[in-house]
Amino acid sequence: MTDRPLLAMAAPRGGKAPTHFADLDDAGRADAVVALGLPAFRAKQLATHYFAHLTTDPDDMTDLPASARETTASALFPPLMTEVRSLEADKGATRKTLWNLHDGVKVESVLMKYPERATLCVTSQAGCGMACPFCATGQMGLTRNLSAAEIIEQVRLAARQARDGKLGGDPVRLSNVVFMGMGEPLANYKPVMATVRALVAPAPHGFGLSARHVTVSTVGLVTGIDRLAGEGIPVTLALSLHAPDDELRDELVPINTRWKVDEALDAAYRYYEATGRRVSIEYALIRDINDHGWRADLLGEKLAKRGSGWVHVNPIPLNPTPGSKWTASDPKVEQIFVENLRSHGIPTTIRDTRGSDIDGACGQLAVEEQNRPVGPSARLRREGPRIGNTGAEPRKEPS
Ligand code: SAH
């Protein structure tokens, strides 16, 4: 990650985003400034501008020699994304932003203000290869992985929006990040981990978020969960289960044909043991598909038999995707589902769904531009690169 030739830093790498300051670790940042002819201590100043002041504008970098500002900023902070548009919902408390990446690929992130926190839902891949039939992104297939800096830039730019009062007026501090936007984070492991490190590193090395305020959500890639457990950064793990039995989960979360319900739950339990962090089980309640009382009981039994205090369940009313034959469960059925789980001693809270009127709610992120017949992203979608999307097998992680 740190040894890329610096002259090539600002040049796109074979469809990949140009290397950016945020892709580098501390040592890589120091090497990068030295390669530009500056003393290594400038790296810390640049990190302060980026992670604390949330700026890449050379005019803001008044602690750098005037003659070096422009060249440094253009070498280390190549523009990776531009805002196409933002949509607001929930009286300004939810803001979805559509970003255009260097190659015309579009991705979305969603910023949500709550009384006690502000949460950003980030995208880790353009599209997704996991093919879950109820999820809008799952219908698109995978276009490409995002680089670390492309994920980190979503955070920086959202933190700026929040700071600058674009989330309902007053300045707000971004406190939480959830990898629940487009993509399967554990199928893009290294960039996602580099992002996690930048999120939790204390300022000026990173954004200084608490690890417990970072949530990595996964379909249940068991090898990825175990790898994450070994990183020594106790982020919150969310496992998107959606069914307690293999027969139904094979259909709802096709990766289940590779790692079964019990294997995914065992990996989640190991994650809890390694980190001490209580795991979240995500469960989109789909009317007459997975919302039966007996399924709540089966889930409750499977969780309770592994231990107590290690898990909680977040049922989410399904956000129907356009054209879907499925819809959310009846509220009475939802209530029974919750009560059944609680009767097994499993803490259960219905997850609120923000921004559904701007297609910004859980599982709704899909970019319509990509379905247009013309334009670079449409071309990309038609002609590739389309990696993965086998539905059953995770794409090989890049080394
Ligand atoms: N690939 C990861 C993260 C992205 S989705 C994962 O699957 O966990 C974030 C959450 O939204 C997941 O729990 C996902 O199952 C859920 N989700 C997807 N589509 C949904 C929908 N239509 N309604 C409600 N939740 C949905």
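Cys121 counts as buried because its relative accessibility is 10%, under the 20% cut-off. The model is a predicted one. Cys128 is likewise placed in the buried class, since its relative accessible area is 8% and the limit is 20%.

What is the disulfide count? The count comes to zero disulfides. For Cys128, the nearest cysteine sulfur belongs to Cys135 and lies 6.5 Å away. A disulfide requires the two sulfur atoms to be within 2.5 Å, so Cys128 is in no disulfide.

The ligand is surrounded by 19 residues. Phe134, Ser217, Ser240, His242 and Asn319 are the closest of these. By class, nine residues of the shell are nonpolar, eight are polar and two are charged.

| Residue | Protein atom | Ligand atom | Distance |
|---|---|---|---|
| Phe134 | backbone N or O | nitrogen | 2.9 Å |
| Gly183 | backbone N or O | nitrogen | 3.0 Å |
| Ser240 | polar side-chain atom | oxygen | 2.5 Å |

On its own the ligand has 520 Å² of accessible area, and the protein covers 96% of that area. Which elements give two or more residues to the shell around the ligand? They are the strands β8, spanning 214-218, and β10, spanning 279-285.

Terms used
Residues numbered from 1 in each chain as written. Predicted model: local features only at pLDDT ≥ 70, side-chain atom pairs only at ≥ 80, totals over all residues. Heavy atoms only, no water. Near = heavy atom within 4 Å. Polar contact = N/O pair within 3.5 Å; in protein donor to acceptor, adjacent residues only side chain to side chain. Areas by Shrake-Rupley, 256 points an atom, 1.4 Å probe, with all protein chains shown as cover. Helix = DSSP H or I, 4+ residues; strand = E, 2+ residues; numbered from the N terminus. Nonpolar A, V, L, I, M, F, W, Y, C, P; charged D, E, K, R; others polar. Buried < 20%, exposed > 50% of the residue type's maximum accessible area, 1.4 Å probe, protein only.
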